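Take a look at the chain below. We will start with the whole and then visit a few of its parts.

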Amino acid sequence: MLQLKQINKVFNEGTPDEKIALQEITLELEPGDFVTIIGSNGAGKSTLMNIISGKIFTDIGSIVIDGKDVTNVKEHNRAQLVGRVFQDPMAGTAPTMTIEENLAIAYARTKSRRLRVGVSKKRRDYFKEKLQTLNLGLEDRLEAKVGLLSGGERQALSLLMATFTDPKILLLDEHTAALDPSRAELITNLTREIVQKNQLTTLMVTHNMQQALDLGNRLIMMDKGQIIFQANREEKKQLTIEKLLAEFQRIRGEQMSSDRAMLI
């Protein structure tokens, strides 16, 4: 479903501020794979997500999604294939628009671009049906401005908007990091349910090692723009936070940075 081949990305090349963001990244995800990615700040995780989504382009290498080479396809043209939820609950929705209007925009991502008048009853019923799966009562608040929702409600809505059109790849970019523990747990559980129910091929970046161990069937560790460790389903079952830290030290010869509550 996703093939990354020899992905390299350098920022500010040839200047004193040159930064090698990604080096020789090769990765394949089969349909239904749920891969969690861990690594310190600056490991290249968000750059990888930006390249897959088309927000930035790779310098070298290719990206294939569901058999389509999208290496040079712009972000808005990749939107039919890629769903993404960001760390900031404010980033995935339009706060001045209603829940219904936000859902209508997300729904239109996979449809041909032509003028439509309002939202039909059939589509409104479809939105309500999808909102009910969140168990937050949002199906009764279709006319509410999204800016009035709590951070957890907005992130749940963002998750729904990113998934209810069945993207080929779902990107979760530290999507629980900005939430308090109870809301983070809510979104984590919703993520597990939605991904499993829809068999979505998913790539999730997280600083929370325990979350990375609890979710998904594969795990990747990144450092300094490289994938330095991978674990398949069976290997992942045997992992603990302590074993992950020991593996990093074995590979790099130093302790992993404990920035941003990585060990929680």
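Predicted model: local features only at pLDDT ≥ 70, side-chain atom pairs only at ≥ 80, totals over all residues.

Begin with overall shape. The C-alpha trace spans about 60 × 40 × 35 Å along its principal axes. Does the radius of gyration agree or disagree with that of a compact globule? A compact globule of 264 residues would have a radius near 18 Å, and the chain has 19 Å, so the two agree.

Now look at what is covered. Of the 264 residues, 48% are buried. Contacts tell us how the chain folds back on itself. Take the contacts with a separation of 6 or more: 68% of them join residues 24 or more positions apart. The chain exposes about 13,000 Å². Carbon and sulfur atoms supply 48% of that area. As for charge, the chain has 36 positive and 34 negative charges. Their mean positions are 6 Å apart.

Next, find helix H5, residues 151–163. How far apart should its ends be? At 1.5 Å a residue, its 13 residues should span 18 Å. The end C-alpha atoms are 18 Å apart, so the helix agrees with the rule. H5 is also mostly covered, with 12 of its 13 residues buried. Among them are Gly-152, Glu-153, Arg-154 and Leu-157. The buried stretch also includes Leu-159, Leu-160 and Met-161. What covers these residues? The cover includes two strands, E6 (82–85) and E7 (169–173). It also includes the helices H3 (99–108), H4 (121–132) and H6 (181–198).

Move on to H3, one of the helices that cover H5. H3 is mostly covered itself: seven of its 10 residues are buried. They are Ile-99, Glu-100, Asn-102, Leu-103, Ala-104, Ala-106 and Tyr-107. Their cover includes H4 and H5.

Pro-95 sits in it, between E6 and H3. Is Pro-95 buried, partly exposed or exposed? Its relative accessible area is 34%, so it is partly exposed, since that class lies between 20% and 50%. Leaving aside residues up to four places away in sequence, Pro-95 touches Lys-145, Val-146, Gly-147 and Arg-154. Arg-154 is one of the buried residues of H5. Asp-173 is 78 residues from Pro-95 along the chain, and their C-alpha atoms are separated by 20 Å.

Compare that with Val-35, in strand E3 (residues 34–38). Val-35 has 0% relative accessibility, so it counts as buried. Which residues does Val-35 touch, not counting those up to four places away in sequence? They are Leu-29, Thr-202, Leu-203, Met-204, Arg-218 and Ile-220. Ala-231 is 196 residues from Val-35 along the chain. Even so, the C-alpha atoms of the pair are separated by 9.5 Å.

Helix H1 covers residues 45–53. Eight of its nine residues are buried, so the rest of the structure largely encloses it. The buried residues include Lys-45, Leu-48, Met-49, Ile-51 and Ser-53. Gly-54 follows H1, and its phi is positive, near 90°.

Positive phi also turns up in residues other than glycine. Asp-66 has a phi near 50°. It lies in the loop between strand E4 (60–65) and strand E5 (68–69). With a relative accessible area of 30%, Asp-66 is partly exposed. Asn-135 has a phi near 55°. Its loop runs between H4 and H5. Asn-135 is exposed, at 66% relative accessible area.

Finish at Pro-181, in helix H6. Is Pro-181 buried or exposed? Its relative accessible area is 71%, so Pro-181 is exposed. Ser-53, a buried residue of H1, is 128 residues away from Pro-181 in sequence. In space, the two lie 28 Å apart, C-alpha to C-alpha.

Definitions and conventions: Residues numbered from 1 in each chain as written. Heavy atoms only, no water. Rg over C-alpha atoms; globule rule 2.2 N^0.38 Å. Buried < 20%, exposed > 50% of the residue type's maximum accessible area, 1.4 Å probe, protein only. Contact = heavy atoms within 4.5 Å. Areas by Shrake-Rupley, 256 points an atom, 1.4 Å probe, with all protein chains shown as cover. Lys, Arg positive; Asp, Glu negative; His and termini not counted. Charge placed at Lys NZ, Arg CZ, Asp CG, Glu CD. Helix = DSSP H or I, 4+ residues; strand = E, 2+ residues; numbered from the N terminus. Expected span 1.5 Å × (residues − 1).
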